Amino acid sequence: GDDFEFDNVCYVSHGRRREVTIVYLGSDDPDDPKQQRFYLEPLFPDTAERDVQVIDWEFEAAQMPKPENGVQLVMLSEQPRGDQIAGLREYLNSGGMIIFVPAGPEECGALYELAGVTPVDAAEADVDDYVMLTGVDFDHPVLSPFVDPRFSDFTKLPFWKHRRIDLSSLPASRVLARFDDGDPAIAEVPVGPGRVVLFAAGWRREDSQLAVWSKFVPLMNGLLDYGSGQMQQRAQFTVGENVPLASLTAETDTPFELRQPDGSTLEVESGAEFVAEPEEPGIYVLTGTAESAREEVRFAVNLAASESRTDPLEDELLEAAGVKLARKNAEASNTSAAERERQLQN
């Protein structure tokens, strides 16, 4: 539908579809499930909010494809040619984002070329069985939706191979996650107004189980939104929380009408800081009433995550809070045990 949720994260729908173009540069066979290219369409499906087009950039072509609606993301898996490097730098200088997933150590030099620094030799890590993710930066906008303790466990994803990449010549880089051997696993490297997001291991079957990891699809779509400037459309609202108007629309200087899940409506004055303090979960619809801003925004409100935590408290916690608990003496307990044993024998 127009509104959907993942792990208590709400996505705002603006009632209009946007065109999304992803360019892939690599020699993978798109029909081979062992290769990365095979998973692009399933990773970025069409939704009620967007139409996604994936374009393969051939190694023989110097010019990067530039459809009329623009390119929101470039996926790079192999070493591009010199003239292609120039095209990618131009793309980064326009504020674009590249997800770079080198297939091997020899491809890693492209990261330094894109950043305009002297390349540093990379190597294939010597992995004993497998490594896992650790040190996840939940303060990053793409990873913050996973900060809830129910979803923050990244240790169930094995990596059998990964590239060992030295980021010391890129001081502005930000490591978003590490392997448990200390090597960077995911890193963001600013290049001018753009950025390169590096994955030191890919989702080929020989590398890892990324392709079947439950967090992979929301992670990659979060990166797509982050790179295309749509990150602000994602919001997590709970019952009783103030909903900032600026988190839903840029048209904050016009009046709106808010339709609540029960069908009732509220007037939102021009210049209001907050939309409402929702009192019940459900889908809310914010509609501009001015002719110049007839935008419709739909967003979801959930119960607080704590509402679903119903594990019984330990006796010690209840007693520390001043709750008096009945205690059975040992004799009564033994009598009850004997009675239960007698009933079982009967």
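A: Begin with burial: a residue is called buried under 20% relative accessible area, exposed over 50%, and partly exposed in between. Keep in mind that this is a predicted model. Tyr-39 has a relative accessible area of 17%, so Tyr-39 is buried. Phe-38, with 30%, is partly exposed.

Q: How are the rings of Phe-38 and Tyr-39 arranged?

A: A pair of aromatic rings is described by the distance of the centres and the angle of the planes. For Phe-38 and Tyr-39 the centres are 5.1 Å apart and the planes are at 85 degrees, so the pair is edge-to-face. Phe-159 and Phe-179 also form an edge-to-face pair, with 5.1 Å centre to centre and 70 degrees between the planes.

Q: Where in the chain do Phe-159 and Phe-179 lie?

A: Phe-159 is in the loop between S8 and strand S9, and Phe-179 is in strand S10, 20 residues apart. Phe-159 is buried at 4% relative accessibility, and Phe-179 is buried at 1%.

Q: In which sense do S8 and S10 pair?

A: Strands of a sheet pair through backbone hydrogen bonds, either parallel or antiparallel. S8 and S10 are antiparallel, over two bridges; Thr-134 has Arg-178 in S10 as its bridge partner.

Q: What is the strand order of the open sheet of eight strands?

A: The order is S4-S3-S5-S6-S12-S11-S10-S8, and the pairing is mixed. S4 and S8 are the edge strands, each pairing on one side only.

Conventions. Residues are numbered from 1 along each chain as its sequence is written. This is a predicted model: local features need pLDDT of at least 70, side-chain atom pairs count only at pLDDT 80 or more; totals for chains, interfaces and linings use all residues. Side-chain values use heavy atoms; hydrogens and water are left out. Two strands pair if DSSP finds at least two bridges between them. Helices (H or I, at least four residues) and strands (E, at least two) are DSSP runs, numbered from the N terminus. Rings of Phe, Tyr and Trp (its six-membered ring) pair if their centres lie within 6.5 Å; planes under 30 degrees apart count as stacked, over 60 as edge-to-face and the rest as tilted. Buried means under 20% relative accessible area, exposed over 50%, partly exposed in between (1.4 Å probe, protein chains only).
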